Amino acid sequence: MTVTSVDHDQVHAIAQEVFAAMVDGDLGQLLPWEGELPELPEPVVAWVDLHGEWSGRAVLVTGHTTAEDLARALLGLPDDDEVSREDLEDAFGEIANVVGGNLKSLLPNPGTLGLPQVGTQVPTLGGAIRVQHLPLSWRGRLLVVDVWFAAPDSLTTTGGNR
Amino acid sequence: MRALVIDDSRTMRRIVSGALEKLGFETIQAEHGRAALDHLEAGERVDLCCIDWNMPVMDGLTFVTEVRANPAWRAITLMMVTTESEHGQIVRALAAGAHEYLIKPFTPDAIRDKLDLLGLVALEETA
């Protein structure tokens with residue numbers, strides 16, 4: 001198994017499909033980010049671990065306001081409805097879960113999927129290699145999808161709360 | 001008709017329940033397989049269970065196996081609703097006793113199509 005088993009275009013296609021089905025209703029809302037990457041204010045990070053012959057982690061990062069809007073879209077809430085921290089984390093974690101689950105299905109001899117976790121920092125993974133980095137634009141705002149390849153015993157999570 | 005929606009994500013429980021309610025189902029929810037079994041053991045009557053695979057406490061496959069082991073619950077239709085999309089996983093779930101399999105992400109139309117296949121759409125969809 002190589003660290004390059006996960007293809008950039010496949011990851012983008014999965015993310016687009018997840019957003020089209022769960023969030024937007026059409027495929028055209030999640031595009032490659034153009035230009036320099038801005039700093040994310042109040043980042044929200046959701047990730048899910050993949051355990052098996054190919055072990056790694058799918059990580060989604062966006063800003064708090066964007067995560068709130070994603071939760072509203074996912075739950076069909078009006079734009080001015082308040083989103084609780086619990087709902088925000090659950091919704092963003094579920095998006096990471098579905099992205100990770102579909103990523104797993106691409107792998108030869110896929111193993112098991114961990115439960116989604118959400119935090120405010122990208123979790124550390126000792127010795128891991130980032131194999132894909134996709135800065136994307138959702139409604140003009142930055143959302144990053146990263147895929148990490150890691151030794152199975154390094155997949156102990158830190159910083160999550162779900 | 002009544003449906004039991006089993007998923008550790010409250011977001012997904014709301015999405016699935018909302019889609020089912022538009023199709024005329026009354027819904028109840030559980031956050032994992034053990035909580036769902038508690039509903040059934042308490043005598044809740046349900047026609048359909050929509051079941052996530054990966055959950056804490058009791059996963060969806062174990063729940064399916066437990067339900068199928070009890071003859072009193074054999075009329076309940078079991079549909080997996082999960083990100084587990086590998087062929088081997090689908091075969092495992094169907095072999096354990098699930099009737100249908102819906103892969104996340106899905107659209108409300110996909111739920112309706114699956115329920116149509118199962119003969120379980122109760123009402124015309126409401127707005």
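In this predicted model, helix α2 of chain B passes helix α3 of chain B in a right-handed crossing. α2(B) covers residues 33–41 and α3(B) covers residues 60–68. Their axes come within 9 Å and cross at roughly 25 degrees. Angles under 35 degrees count as roughly parallel, so α2(B) is roughly parallel to α3(B).

On the α2(B) side, the contact is made by Gly33(B), Ala36(B) and Leu37(B). α3(B) contributes Gly60(B), Thr62(B), Phe63(B) and Glu66(B). Sorted by class, the residues in the contact of α2(B) with α3(B) are three nonpolar, three polar and one charged.

The strands described here belong to chain A. Strand β6(A), residues 129–138, pairs with strand β1(A), residues 30–32, and is also joined to strand β7(A), residues 141–149. The two pairings are set out below.

| Strand pair | Sense | Bridges | A facing pair |
|---|---|---|---|
| β1(A) and β6(A) | antiparallel | three bridges | Pro32(A) and Leu136(A) |

How many residues lie between β6(A) and β7(A) in their hairpin? There are two residues between these strands. Arg139(A), in the turn, has a positive phi of about 50 degrees.

Key
Residues are numbered from 1 along each chain as its sequence is written. Chains are lettered from A and ligands numbered from 1 in the order in which they are written. This is a predicted model: local features need pLDDT of at least 70, side-chain atom pairs count only at pLDDT 80 or more; totals for chains, interfaces and linings use all residues. Two strands pair if DSSP finds at least two bridges between them. Helices (H or I, at least four residues) and strands (E, at least two) are DSSP runs, numbered from the N terminus. Axes are lines fitted to C-alpha atoms, for helices over the stretch in contact, and angles run from 0 to 180 degrees between N-to-C directions. Angles under 35 degrees count as roughly parallel, over 145 as roughly antiparallel, 65 to 115 as roughly perpendicular and the rest as oblique. A crossing is left-handed if the near helix is turned anticlockwise from the far one by less than a right angle, and right-handed if clockwise. Two residues are in contact if their C-beta atoms, placed from the backbone, lie within 7 Å. Ala, Val, Leu, Ile, Met, Phe, Trp, Tyr, Cys and Pro count as nonpolar, Asp, Glu, Lys and Arg as charged, and the others, Gly among them, as polar.
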